[in-house]
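Please consult the sequence and the model while reading.

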Amino acid sequence: HFYLGFFIIPFCRCPEQVESLRSQHMSESCSVSYKNTGPLHISHGYKARLVDINGIEYLDTRNNVAHCGHGHPEILRAITHQVNQLNTNTRYLHPHASLLAKKLSDLLPGSLDKVFFVNSGSEANDLALRLARAYSMQQSKQTTPNSNGTSQNKKKRKDHVITIDHAYHGHTLATLDVSPYKHRQGKEIENCPDYVRRVPCPDVYRGAHSINRTEQQQSGDKESNSEMKQQHCKNEIEAAKQYASYVELECEKITSQGDLVSAFLMEGGMSVAGVIMPPKSYIRRCVNAVRKAGGVYIADEVQTGFGRLGKCMWAFQYSTGNDGDANDADVIPDIVTVGKPFGNGMPLAAVVTTPRIASAFESLGVEYFNTFAGSPVCAAAGLSMLHTLSSERLQENAIDVGDYMIELFRELQSRSEWIGDIRGSGLFLGVELVRDRDTLDPATKETSFVCSVMKEKYKVLTSVDGPHENVIVVKPPMVFSREDAALFVSCFEKALMEDLPLAKDHLRDLDKTPT
């Protein structure tokens with residue numbers, strides 16, 4: 001039986017019963033993690049551990065939603081206290097929402113101090129695109145004088161959004177349009193619509209403008225965009241110039257047609273693309289071109305915000321340093337979206353923008369109201385999460401544990417040819433597995449096998465991403481410790497070095513491991 005507080009209902013304890021009910025009453029499009037090896041029936045969690053109904057504990061290296069750890073007592077107390085008092089919408093004044101808006105804007109640079117609360121990252125990015133469109137509409141309303149001295153509107157110009165290949169920004173119609181990652185899945189959306197311009201992913205490992213790659217390696221990458229000219233780069237700065245040139249070119253094409261660039265939308269650390277960290281100065285070069293064309297820069301921090309990279313609070317700050325070839329100023333986004341970790345598991349997300357862009361949106365005369373967004377309970381969770389993040393120095397922990405984990409992975413890489421690349425920062429890391437370090441042949445089935453063995457044999461949960469599905473993505477709760485990191489890499493080594501060689505003959509029959 002399962003106690004709900006006011007009555008008791010019979011509850012299926014058997015995972016097979018739960019799975020059967022789910023399959024009968026929920027769509028198959030709602031995926032289940034580890035379905036190929038037996039879905040997990042999780043009952044509770046604490047810190048970086050999840051526990052199933054049989055009491056088996058799993059080390060969690062993949063849930064970046066529980067930012068401060070599963071079941072954090074302070075956050076639970078804040079939520080419980082507020083539930084007992086009130087939970088309503090933001091049309092009523094409440095100190096939690098107002099204070100949370102201030103604390104969030106205080107964490108951001110420049111004049112990013114106008115906050116819109118939403119429920120999810122998808123909603124945040126959807127609203128960000130609306131804000132960018134409103135600002136673009138205002139920009140396009142330029143007037144020219146008539147012969148009688150009055151003014152007339154010019155012909156309305158079409159606005160465009162520039163997005164990155166392999167990016168994912170949400171599941172609403174608008175965000176799906178700008179999520180090329182989803183365009184390669186199924187038949188719902190097979191390509192970007194006309195108003196969306198897709199540019200190459202700034203991958204410095206296997207992309208067209210990779211660093212220190214041979215001609216053999218470049219020609220062996222079948223995923224390269226046919227429009228890209230393969231060109232070896234000596235360093236990050238050169239790669240940044242090459243990749244940014246595609247954004248610059250799209251801006252030129254759009255403006256030459258008399259249209260406007262509405263927005264450039266990008267994650268500072270691309271998660272589903274396989275932990276892609278743009279080369280130094282790439283973002284700044286792209287944003288300069290976009291703003292020159294009349295557009296705004298939307299920084300998607302849904303996956304990577306709130307100190308996950310350790311070295312900075314926000315991922316957009318990670319790769320914007322000066323390269324000696326432009327001004328020293330860091331790039332400040334026009335719009336920032338946050339989500340997943342904001343409420344430590346509660347549905348809380350936000351869009352933060354400047355007064356100028358907020359004013360353009362307000363001038364359209366459309367009320368923005370979101371029933372559950374920024375509710376007192378969710379706002380209490382957000383306030384407590386931010387307090388915990390600071391008081392427990394979790395950003396500092398991210399860089400300490402992350403650097404330690406990279407050291408462990410690099411030592412393993414020196415003994416294993418399977419590991420092609422290790423990248424990322426803090427507690428946002430990617431380990432790319434390849435069959436051949438020269439050709440970079442992606443070890444797709446092998447990566448799926450390792451992920452499954454980690455869960456089944458070693459009780460470690462991790463995830464697989466990247467266009468070739470060969471990148472182990474590490475983004476655990478921020479309380480992840482050095483001991484957790486050592487255990488994780490030790491189990492990963494056993495799966496890679498001991499279990500994988502024994503399974504090579506069976507890999508052809510292995511199903512994909514959905515994570």
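## Burial and overall composition

Of the 515 residues in the chain, 52% are buried (under 20% relative accessible area, with a 1.4 Å probe and protein chains only). The chain exposes about 23500 Å², of which carbon and sulfur atoms supply 50%; these areas come from the Shrake-Rupley method with a 1.4 Å probe.

This is a predicted model, in which local features need pLDDT of at least 70 and side-chain atom pairs count only at pLDDT 80 or more, while totals for chains, interfaces and linings use all residues. Residues are numbered from 1 along each chain as its sequence is written, and side-chain values use heavy atoms, with hydrogens and water left out.

## Secondary structure and contacts

The chain holds 14 helices and 19 strands, which are DSSP runs (H or I of at least four residues for helices, E of at least two for strands) numbered from the N terminus. Among contacts in the chain (heavy atoms within 4.5 Å) with a separation of 6 or more, 71% link residues 24 or more positions apart.

## The seven-stranded sheet

An open sheet of mixed pairing is formed by seven strands, in the order β6-β14-β13-β12-β11-β9-β10; two strands pair if DSSP finds at least two bridges between them. Its edge strands, β6 (114–118) and β10 (196–199), each pair on one side only. From one strand to the next, the twist averages 20°.

Strands β12 (residues 296–300) and β13 (residues 335–338) run parallel and are joined by three bridges. Ala299 has Val336 in β13 as its bridge partner.

Definitions and conventions
Buried < 20%, exposed > 50% of the residue type's maximum accessible area, 1.4 Å probe, protein only. Axes fitted to C-alpha atoms, helices over the stretch in contact; angles between N-to-C directions.
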